[in-house]
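Thanks for coming. I will go through one structure, starting with a pair of helices and ending with a few backbone details. Please have the viewer open.

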Amino acid sequence: MNKKTKTIIWIIVAIFAIVLVGILISNIFGSAKTLTIPEFIGKLASGEINELYVDAHKWTGYTVVDGRVTVAYTVTMPSIYDFSSFQAVEEYINDCLKQLAQINPGSYPESFSLMMLSRFEMADPNAGSVWSSFMPLLGVVLVSLMFWLIMRSAAGAGSGNMSINKTKAHVQSNLKVRFSDVAGAEEEKEELAEVVEFLKSPKKFAVLGARIPSGVLLVGPPGTGKTLFAKAVAGEAGVPFFSVSGSDFVEMYVGVGAKRVRDLFDMAKKNQPCIIFIDEIDAVGRRRGAGLGGGHDEREQTLNQILVQMDGFEANDGIIVIAATNREDILDPALLRPGRFDRRINVNLPDVKGREQILKVHARNKPMATDVNFKTVARITAGFSGAELANLLNEAAILAARAGKKEIGNLELYDGINKVLMGPQKKSRVVTESDKRCTAYHEAGHAVLACLCKNCDPVHEVSIIPRGRAAGYTMTRPETDDNDVSYNKLNDIICMTLGGRVAEELVIQDVTTGASADLQHVSNIARRMVTQWGMSDKLGLVAYDSDQPVFMGMEYGNQSRGGYSQETAATIDSEIRRLISEAHERAIKLLKENRSILDNMSRVLVEKETIYTEEVQMLMKGADYKEVIAYMDERDGAPRKNPFVNMTTPSSEHVVEEETQEQDNKEE
């Protein structure tokens, strides 16, 4: 909003205020008591009203004492009389007095003269009041001004005079963020270090004829630190940082997005060298012609302007555009060609070393216990992003403060991991004994099979306390950052996931709805094994599906049954069913052979509700449930031990006998 528009608005507000004050004053000082005609004539004849003002059929009388009006009275006279002259008013008053004297003899004088009043005044019938003349004119002026402002705002999209055309970018100078604040991504830092070097000393590259990338696209999952990287580049180079979201360009008015893009780059040219950071660029950078609007779609016009500004007729040598997205697949190809975003940096989830560094960065301003080992915490947080690790430490700090502690210890970190993964525990929920027993066997089935299947991740915790949407949970965490998962491991995961359903079948002799999420999980794994990863002998090494998300408009019409025949679809369904059925039979066999372990673990869960790695290993080695409960009772009397103690070893012992493995090999 410019200065001229603000002035006009203040003038309108002032006029409204003056009118309002005038109306209030007139109402306060012009307020009078309304009387009937006999009452008014009586006060007039008795001398109580000593000043009279006649305005057609509205008479106003005043009681004036020492030159000051003390009381005012009003009355409305009949409209059939003409009060346009002095004599007419006086005759009407005398006629009223005669009638009143007949009703109450001796109460009223026989005659009355207006000359007895200290003041008498009649309004000019041909002259209107000041307010009656001024108010219509004022109304017309105010309505005209408001209409003019509305039209000017609507026309501002093309004129450029209103703030709607201005960019919403936030300009920051002298950022304090440095590469040292970004941990767990050394390769990404090296890629961006070249951008910093160019901004600091561009002549070094110009001498050799090198051209620095005009655009850098940061691609990665949410929470991996893409925005932080852009700030670190600007902070290291010491240049202005223009940050804007992709959705900030689009408005309801046509042409506003393109105008804001031009305004953003015009501002950047005045402050070059500088960095423009566009977060979530997929909001305006979607592929054109995808069926989402025609050629005049506002998003497409905005995208066209971005393309021209990045590599068009004008050179922007001192401006580097950094954009972030997690949907690179839907971006327009023209946006990704060399000369625009000609450098793409994949910001992936951190590995175990990167997670350790991130934890240390976020723990700088937090008092940590001396026995906290971030390397151990990093090992069991595989798959965590930088934002999730920061949230983990924040939750641990909250738990420590709630417990009245001065430092954040291992117990708070462990509980923080569970809270980030599955939500808070719901200990107050009322659970019946039958549901408690069913949940205990369900989770024990998962835990036992996780230990028996050698390719499964180690069990860290088993609980029947509701957490999140789950009635109970079995937490297994990987200790390595393996990107590739083998066929045998996938089969073991399916078998372990079916452990809860199988335990219900064997013990409860019935099935419940508690395994619905498990069935969805195993169905998804089996389908991807068959359609994406080529793990079916019948179908061979053919990919029938893609793990890329469908982009509405471009690919949806080509997704009819994956582009394969009905016979192939039937074979896919058959293979998925075969994989799950084989894992189901294997789970039944293993739990029948280890029924005593299953019973002991479920009894311990019913009694103690939660067990950890140490108790699971004791039960898998054949310990009786009474022995484990006694051990836990003795341990509960002492402070809870470090939950990470047994998590530094490669894995918990897998109790799979060699004879069983040999028998399985023969059957195959």
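Start with helix 16 and helix 19, which cross in the right-handed sense. This is a predicted model, so please read every value I give as computed. The two helices pack at an angle of about 65°, and 8 Å separates their axes. On the helix 16 side, the residues taking part are Tyr-487, Asn-491, Asp-492, Ile-494 and Cys-495. Helix 19 meets them with Leu-579, Ala-583, Arg-586, Ala-587 and Leu-590. Sorted by class, this contact of helix 16 with helix 19 comprises seven nonpolar residues, one polar and two charged.

Helix 17 runs over residues 499-508, and seven of its ten residues are buried, so it is mostly covered. Which residues of helix 17 are the buried ones? They are Gly-499, Gly-500, Val-502, Ala-503, Glu-504, Leu-506 and Val-507. The cover over them includes helix 15 (433-452), helix 16 (487-497), helix 19 (566-593) and helix 20 (595-608).

Is Gln-509 buried or exposed? Gln-509 has 62% relative accessibility, and the cut-off for exposed is over 50%, so Gln-509 counts as exposed.

Glu-280 is not a glycine either, and its phi is positive, about 50°. Glu-280 lies in the loop between strand 9 and helix 9 (298-310). With 35% relative accessibility, Glu-280 counts as partly exposed.

Pro-273 belongs to the loop between helix 8 (256-270) and strand 9 (274-279).

Helix 5 (residues 186-200) and helix 7 (residues 226-237) pack at about 35°, with 9 Å between their axes. Helix 5 passes helix 7 in a right-handed crossing. From helix 5, the contact takes in Glu-188, Lys-189, Leu-192, Val-195, Val-196, Leu-199 and Lys-200. From helix 7, it takes in Phe-229, Val-233, Glu-236 and Ala-237. By class, that is seven nonpolar residues, four charged and no polar ones.

Next, the cores. In soluble globular proteins, nonpolar side chains tend to be buried together. Here the largest nonpolar core has 56 residues, and Met-601 and Ile-611 have the most contacts inside it. What does Met-601 touch, leaving aside neighbours within four places in sequence? It is in contact with Ala-444, Ala-447, Val-448, Ile-611, Val-616, Leu-619 and Met-620. There is also a second, separate core of 29 residues, and Phe-179, Phe-198, Leu-199 and Ile-212 are among them.

Two single residues, for anyone who wants to click on something. Ala-378 is in helix 12 (residues 374-379). Its relative accessible area is 0%, so it is buried. Beyond four places in sequence, Ala-378 touches Val-352, Arg-355, Glu-356 and Leu-359. Of these, Glu-356 is 22 residues away along the chain, yet its C-alpha atom is 5.3 Å from that of Ala-378.

The other is Thr-74, in strand 4 (residues 68-76). Why does Thr-74 count as buried? Its relative accessible area is 13%, and buried means under 20%. The side chain of Thr-74 makes a polar contact with the side chain of Thr-34, at 3.4 Å. Apart from residues up to four places away in sequence, Thr-74 touches Ala-32, Lys-33, Thr-34, Leu-35, Lys-58, Trp-59 and Thr-60.

Last, the totals for the chain. The secondary structure comes to 23 helices and 14 strands. Of the 668 residues, 42% are buried. Among contacts with a separation of 6 or more, 74% are between residues 24 or more positions apart.

Methods
Residues are numbered from 1 along each chain as its sequence is written. This is a predicted model: local features need pLDDT of at least 70, side-chain atom pairs count only at pLDDT 80 or more; totals for chains, interfaces and linings use all residues. Side-chain values use heavy atoms; hydrogens and water are left out. Axes are lines fitted to C-alpha atoms, for helices over the stretch in contact, and angles run from 0 to 180 degrees between N-to-C directions. Helices (H or I, at least four residues) and strands (E, at least two) are DSSP runs, numbered from the N terminus. A crossing is left-handed if the near helix is turned anticlockwise from the far one by less than a right angle, and right-handed if clockwise. Contact means heavy atoms within 4.5 Å. Ala, Val, Leu, Ile, Met, Phe, Trp, Tyr, Cys and Pro count as nonpolar, Asp, Glu, Lys and Arg as charged, and the others, Gly among them, as polar. Buried means under 20% relative accessible area, exposed over 50%, partly exposed in between (1.4 Å probe, protein chains only). A nonpolar core is a set of buried Ala, Val, Leu, Ile, Met, Phe, Trp, Tyr and Cys residues joined through side-chain atoms within 4.5 Å. A polar contact is a pair of N or O atoms within 3.5 Å; within protein, one must be able to donate a hydrogen and the other to accept it, and residues adjacent in sequence count only if both atoms are side-chain atoms.
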